[in-house]
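Student: Hi! Could you walk me through this one?
Tutor: Happy to, let's have a look.
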Amino acid sequence: MLRTWLLWWRKWGKKDWAIAAVGFAAVLFTFTLLIESGTEDPSAIGNRPLDLPISADDPVELTLLRNAKDRGACTNSIHFLFYTLLFVSSYELRELIFLFKFSDQLHGIVCLDGSLPGYHFEKGFGSGSNKWVIHIEGGGWCNTIESCSYRSRTALGSSKFMDRQVIFAGMLSRDPSQNPDFYNWNRIKIRYCDGASLAGHPESEFKGTKLFFRGQLIWEAIMDELLSMGMAKAKQAFLTGCSAGGLATLIHCDDFRQLLPKYTTVKCLADAGFFLDEKDVGGHYTMRSFYQDVLLLQGVDKSLHKNCVSKTDPSQCLFPQEIIKNTRTPIFLVHPGYDFWQIRNILVPDVSDPSGHWRKCRQGLQYCNSTQIEILQGFRTSLLNALDEFKQNKEGGYFINSCFIHCQTWFSPTWHSSSSPRINNKTIAESVGDWYFDRQEVKQIDCPYPCNPTCHNMDFAQH
């Protein structure tokens, strides 16, 4: 029977194939719409009526991306089959089925391990019902097949290991005493599971590894889902992120602006996401080499500004100093002058200190000797120098304190509390709010360590 069908297919002319392709595409498209129309609204968190405020300490459920494995696959499979049927009429049935399945696998929207990506959503209320703040989770990157394979077995590479509930704090808190300007907005935390700041591309995947590089597709699909949930009519929108999520915010900031109506006020904030291209204490560009590996492994250059990629080594375009030169949407930078992650991974990575001279200093600034403090002051100066051009940006803002810490916006004690870090008696939350709502210009740079007693300085020797 199968052989008879195949002989019949081979007799078709190009016109017959075209008619069949269009018909098949129409049927598949209609079927997809029917499936999606019957899918539960992802904003439905349990049985709670989302138009009512909930208590400040309620956990927020994880929502897995709706139809993620079909969302990219269906459209691309239609295109794939359409052109296959039009121009390659000699394929046998089994080959067509195989290629159809391969196309679906290629374009499914999944984390590193193939599981569904997700986010946490809490609906806004009152004056914040048509305002949206989105925070992209941080968590570093993977730059080799081995490190990505390891990561795929953690919450940073698989939704199988993610907490199903999280507490929103800091700039995602619904407590007005902790989050005075954004407490009643629609608040979203995007979980980070691609290992490349939501900028990986499937064309770079390696056969046989069972690793999926779909960060760019994850970003696009989550944005599509949020737009369908009401963000398309947002009056104000704020894209933010911490660490690798801060870098993702910078990469996608202009794209975020383009997704929303012209009347929407759109701005972006990167918290501890301004990674430096500096030599380590051994004289090597460790971070530059690492970023080159990430970019080559996952094809990240396809998500970077074309103007930059066309003029220089694409890996340089992954550094925020270059990204912000080409970004048109207003940006705010929250950054510590002594970012412990950058000190421990860019300035003094393990490989650059084989004798352990920096071991104690890397645990806390109070353990550093005078020579080490001088080197750290030089690293802070490099940060300020890298911001020279950005300082002239009239729409930009920044809060650069002198703390030994990393991210500060997602944690209430550092975001806005009686003991929060301050510059000129302003907390980070107050400074960000002043900038976002154009209450005043905010370009705050702290004095050097150890001048600021309000800092929350990490002490890894005590942990």
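Student: What is the handedness of the crossing of α6 and α7?
Tutor: Right-handed, meaning that the near helix is turned clockwise from the far one by less than a right angle. This is a predicted model, where local features need pLDDT of at least 70, side-chain atom pairs count only at pLDDT 80 or more, and totals for chains, interfaces and linings use all residues. Residues are numbered from 1 along each chain as its sequence is written, and side-chain values use heavy atoms, without hydrogens and water.
Student: Which residues make the contact?
Tutor: From α6, Q216, W219, M223 and L227; from α7, H252, D255, F256 and L259. Contact means heavy atoms within 4.5 Å.
Student: And how do they divide by type?
Tutor: Five are nonpolar, two polar and one charged.
Student: Switching to the largest nonpolar core, which members touch the most others?
Tutor: I134, W141, M223, L226, M231, F256 and L376, out of 80 residues. Such a core is a set of buried Ala, Val, Leu, Ile, Met, Phe, Trp, Tyr and Cys residues joined through side-chain atoms within 4.5 Å; buried means under 20% relative accessible area with a 1.4 Å probe, protein chains only. Helix α6 gives the most to this core, eight residues.
Student: What does L226 touch?
Tutor: Y119, W132, I134, I188 and M231, leaving out residues up to four places away in sequence.
Student: New topic: is S412 buried or exposed?
Tutor: S412 counts as buried, because its relative accessibility is 11%. Leaving out residues up to four places away in sequence, S412 touches A169, G170, Q178, S417 and S420.

Definitions and conventions. Helix = DSSP H or I, 4+ residues; strand = E, 2+ residues; numbered from the N terminus. Nonpolar A, V, L, I, M, F, W, Y, C, P; charged D, E, K, R; others polar. Buried < 20%, exposed > 50% of the residue type's maximum accessible area, 1.4 Å probe, protein only.
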